[in-house]
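This is a walk through a model with more than one level of organisation. Please keep the sequence and the structure open while reading.

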Amino acid sequence: MKEYDAIVIGGGPAGMSAASVLGDHVKTLILDENDALGGQLVKQTHKFFGDHAHYASKRGFEIAKELTDEIYKKPVDISTASTVIGIYPQNTVAYVKDGREELVRYKKLLIATGAMERQLPFINSDLPGVYGAGAIQTLMNQYGIFPGKRFLIIGSGNIGLILAYQLAQTGAEVRMIVEALDKVGGYEVHANKVKRLGIPILLKHTIVKAMGDESVQGVVIAEVDDKFGVIPGTEKEIVVDTICVSVGLIPLTELAEQAKCKIEYIPELGGYVPVRDERMHTTNSDVFVAGDLSSIEEATTAIIEGKLAAMQIVKDLTKTDLGKEISDELKTLDIFRSGPKSFKIRKGLEKMGIKVPEIEVPKLFQTPIENAKSKLHAVIECTEEIPCNSCESSCKFDAIKVGENINTPPIFDPSKCTGCAVCVTACPGLAIFMEKLDESPNATIGIPYEFLPLPKFNEKMWGMDKEGNYVCDLTVKRVVKNPNKTNIVYVELPKEFVDDVRHVRYPKKESPFVCRCEEVTLDQIEKIIDSGITDFEEIKRMTRITMGPCGGKNCKMITLGIISRKTGIPISKLSHGTSRPPVKPTEFSAFLRGDEK
Amino acid sequence: MIDRASVVVVGGGIVGSAIAFNLLKMGMKNVCVIERSYVSSGSTGRCAGGIRQQWSSSMNVKLAMRSVKLFEQFEKEVGMNIEYYQGGYLLLAYTDSESDDFVKNVKMQKSQGLDVDILTKHEIKEKFPFINVEGVKLGSWCKSDGHANPQIANIAYAIAIRKMGGEFITHTTVTGIDVQNGQIVGVQTDNGYIHTNTVIDAAGFESPKIGEMVGITIPVYGERHQILVTEAVNHFLDPLVINFNHNYYVRQTRHGSLIMGQGDVNPAPGEDIGNTIEFLEEMSEKMVRDFPIIKNVHIVRQWSGAYDMSPDAQPIIDESKSVSRFIYATGFSGHGFMLAPAVGEAVAEMIIYGRTVTTDISNLKMDRFAIGIEREHNVV
Ligand SMILES: Cc1cc2nc3c(=O)[nH]c(=O)nc-3n(C[C@H](O)[C@H](O)[C@H](O)COP(=O)(O)OP(=O)(O)OC[C@H]3O[C@@H](n4cnc5c(N)ncnc54)[C@H](O)[C@@H]3O)c2cc1C
Ligand SMILES: Cc1cc2nc3c(=O)[nH]c(=O)nc-3n(C[C@H](O)[C@H](O)[C@H](O)COP(=O)(O)OP(=O)(O)OC[C@H]3O[C@@H](n4cnc5c(N)ncnc54)[C@H](O)[C@@H]3O)c2cc1C
């Protein structure tokens, strides 16, 4: 039986980074059940957020390729299409390759099997047309197969959000994302990417059942109460042909269990996880874990954990002094996990007995960017404390600062910005835009664009706001193609709308809604204007625009923009109606004085 | 802008627009409406849209019945759907004297050919189970009453007027009227001068200012009325309900929202059309008491507008004795929208034929104030 100093099970980012370190020092084998290494990364077509030093702002499959290339340069035995079926006494790993059982022995074992998707029970969840997020990504991004046309996504974590975005990129219709919690689970920038495509995220909602005889033809969704119970009477039917469940991942612990590692239930880390120390050592002295198996996290942490485990293994086997390297990696991990989004991970690790130092995320303040108005400059819309510094690393002119703590939101110095727009293409959250506002009535903005076909010079498009609502018509002025496929479309638009437009799209056949509350379309407004009714107040009375519960917060400016475009009168010269109380819809009961009696 | 017109209508609210529309319909050319702001910027833009025929004087009933005929034909004649809905009007009586009035009125209204009935408290409860009828004595119910969208009606007229070749000029203010030897020669606006010999004062609660331009006194004044609208809810309320005793009216639009208002408890002077929080409190108290199901419905907006009040709460429609072809149609006292189609027709007839043909409105002449007046009771 072949014997290795170290065997790594799982060829995702954790396993690969570990094998890469191990290969430099000891005789190493890496096993993965897939035909190629890469784990989750190979399915990911989006740019990863995270630490620049750990491949952030590259697309998942590119990271996989880089890590794979690196490993192939090392003296590491690589065995793909090899499914590990069990861990047996005397440090034996059994795996199946080409339909045949193989046995190998290890001195030290690293298990990095990652996680699998959590299931969600609902009526008819066995109908064809119900998929996990990963399955859809595999079909779509690896095999180019589209499982459906109209999707409903359950779960608003990063995976659900990213999947929604990827589906939209293929031209599929994502009807909505439903989320049982009262806030979006994933990062704000990812949610924004989806929202501006017009995909609504319905909070406090869940799926009740799938409908259809042979396959999914629709779903029933409903609102949930604080205990996640369905509130009767709130059920709604939605026509979709594919349901995508993305409600989290569960660590794949079987092999660790068989290796006699202690397993504990720590929901903050993803459910049952192997107990391990800071350096990824489990309760079995020969076995280590890393990556999503040890806690559901990110590629960056998986990579660092893989390295940590590998260094500790090398240290144990060869007595090489890696103390400094290990403590550097530990520090990076601690800083990475110091943000509010890692709150659960910190809590989970503490339950396991691992002390996580309290590191405060520095609060930096953005100075107003007045002085940069007239030149082309970046506008960064990233305020959530998430572990990412791609923008800082991308800027050659030192105009963007994140600093030592990767969770600090970027601070932008417009005086140093040259307008090169490299940051726009680097940002994985597509949260950076370009803007130029000078004396002319029109402004220019640059928008990161990852759809095909690419717009062309002078084409007319629609400007859409952060929620995916129509804002105004605009003209394409320049398209900058970028090798990383985040292209920039520069458009010219009335300057009143620079802060609103965050996405551009080709005009649809159906007229866009200008006012969603009252379902008033652009077409309706244009027709009224064509009939000679050009006053904002008259148009309002004819169409009910701005008369809905939101009081016209969005649609008022948009309507003024349409009037201005059609009549040639600048927006500043138009009358814009009167604001009337109450500013927010208020129940009659709020005004009842004697009600309590 | 044009510099000559056969008639200049001052004020492009519902009344002025209805008059101009009827003039054009009867074949008159060069009709011109001058509106200071946008179409429906006056009381019409703030109006609740109720259309009823249950009035306390027989001539008012007749005029209102004629209006209802014209509202029924509005879409065909004027060319736009104005959300007209004949869901009826329910008037509630709480006192004996109110009940006596209702019974007397219904008798008179029936004699005018109106299909109207007294409902007992029990019948009201059966028909409208969502109304809290505590204290109600009886009700007066006319099922051909109803409501429409006044703003759209106003704009519909404006579009029709332009289509028929009339001039409807907005954002232009009449600043003076030239009179020589008792004859009108022209109208001065802030955008130019228009030669004409006929002027119609349809400037709503500001009609006295236009009157002053030719030296006559019109006893009309503005009085603030507040109103509110809720979010849209499922249709449940067919009729417009008026409650004089509790001082409110309420209706549900085709769109689903509830529109309701009251006579101002603390009236503000004429041109103040601000909003008060007390209005919301007063309305909530009584509306939730009488319509418990709306307790958790959201109020979306409140606003206010001026009633163009006359001393007897009835319109004043007449031609000036001192200035020939100066005609005024004003003082609608909170019911100018519902009367506008019939008034438009009558005034157009006055101008073209020298007298009304279809409906007699001689009770609305100015000289009634010299004789002594009977106030219209049925107003909120
Ligand atoms: C849609 C999506 C978007 C994401 N976006 C980001 C992002 O932007 N930034 C970021 O940092 N992270 C992101 N992540 C998370 C990141 O992909 C994971 O945290 C990371 O891949 C975990 O690495 P891993 O090596 O632990 O596990 P995996 O990548 O899951 O790899 C585990 C490997 O082990 C193999 N394996 C399992 N069991 C066996 C067995 N018995 N025998 C043989 N092989 C086995 C699996 O097939 C797999 O190849 C995203 C994840 C998803 C799903
Ligand atoms: C809150 C509220 C609720 C109401 N509810 C009802 C109801 O349910 N049913 C009903 O029938 N009625 C109702 N009314 C009354 C109704 O709105 C009015 O009686 C009607 O709109 C009067 O129409 P109008 O054309 O005479 O006046 P307006 O609509 O006021 O029109 C007069 C126009 O003259 C213009 N004008 C004034 N001065 C000049 C000038 N110098 N030059 C040029 N233009 C000038 C003004 O800008 C204005 O647009 C209500 C009114 C209010 C305020």
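Two strands are taken as paired if DSSP finds at least two bridges between them. Helices (H or I, at least four residues) and strands (E, at least two) are DSSP runs, numbered from the N terminus. The model is predicted: local features need pLDDT of at least 70 and side-chain atom pairs count only at pLDDT 80 or more, while totals for chains, interfaces and linings use all residues. Residues are numbered from 1 along each chain as its sequence is written, chains are lettered from A and ligands numbered from 1 in the order in which they are written, and side-chain values use heavy atoms, with hydrogens and water left out.

Strand β17 (residues 263–266) of chain A and strand β18 (residues 271–274) of chain A are antiparallel and share four bridges. Within this pair, Glu264(A) stands opposite Val273(A) of β18(A). Four residues lie between the strands of this hairpin, and Gly270(A) has a positive phi near 125°.

Other backbone features of chain A sit in loops. Asn91(A), a residue other than glycine, has a positive phi near 50°; Asn91(A) belongs to the loop between β4 (82–88) and β5 (92–97) of chain A. The peptide bond between Leu452(A) and Pro453(A) is cis, with omega about -5°, and Pro453(A) is placed in the loop between β24 (442–449) and β25 (460–464) of chain A. Pro581(A) and Pro582(A) are also joined by a cis peptide bond, with omega about -10°. Pro582(A) lies in the loop between α14 (555–567) and β31 of chain A.

Two bridges join β31(A) to strand β17 (residues 298–309) of chain B, and the two run antiparallel. Here Thr586(A) stands opposite Ile299(B) in β17(B).

How many residues does each chain bring to the contact? Chain A gives 28 and chain B gives 34, where contact means heavy atoms within 4.5 Å. The size of an interface is often given as the accessible area lost when the parts come together. Between chain A and chain B the buried area (accessible area, 1.4 Å probe, that two parts lose on being put together, summed over both) is about 2900 Å², and carbon and sulfur atoms give 60% of this. Arg541(A), Phe588(A) and Phe591(A) supply 28% of the area that chain A buries against chain B, more than any other three residues.

There are zero salt bridges between the chains, a salt bridge being a side-chain nitrogen of Lys or Arg within 4 Å of a carboxyl oxygen of Asp or Glu. There are 14 residue pairs in polar contact, both residues at pLDDT 80 or more. A polar contact is a pair of N or O atoms within 3.5 Å; within protein, one must be able to donate a hydrogen and the other to accept it, and residues adjacent in sequence count only if both atoms are side-chain atoms. On the side of chain A that touches chain B, the elements giving two or more residues are α13 (536–543) and β31 (586–587) of chain A. The largest share, four residues, comes from α13(A).

Chain B is divided into domain 1 (7–48 + 151–220 + 312–371) and domain 2 (87–143 + 222–307), with bounds from an automatic or database domain assignment. The C-alpha centres of these domains of chain B lie 30 Å apart.
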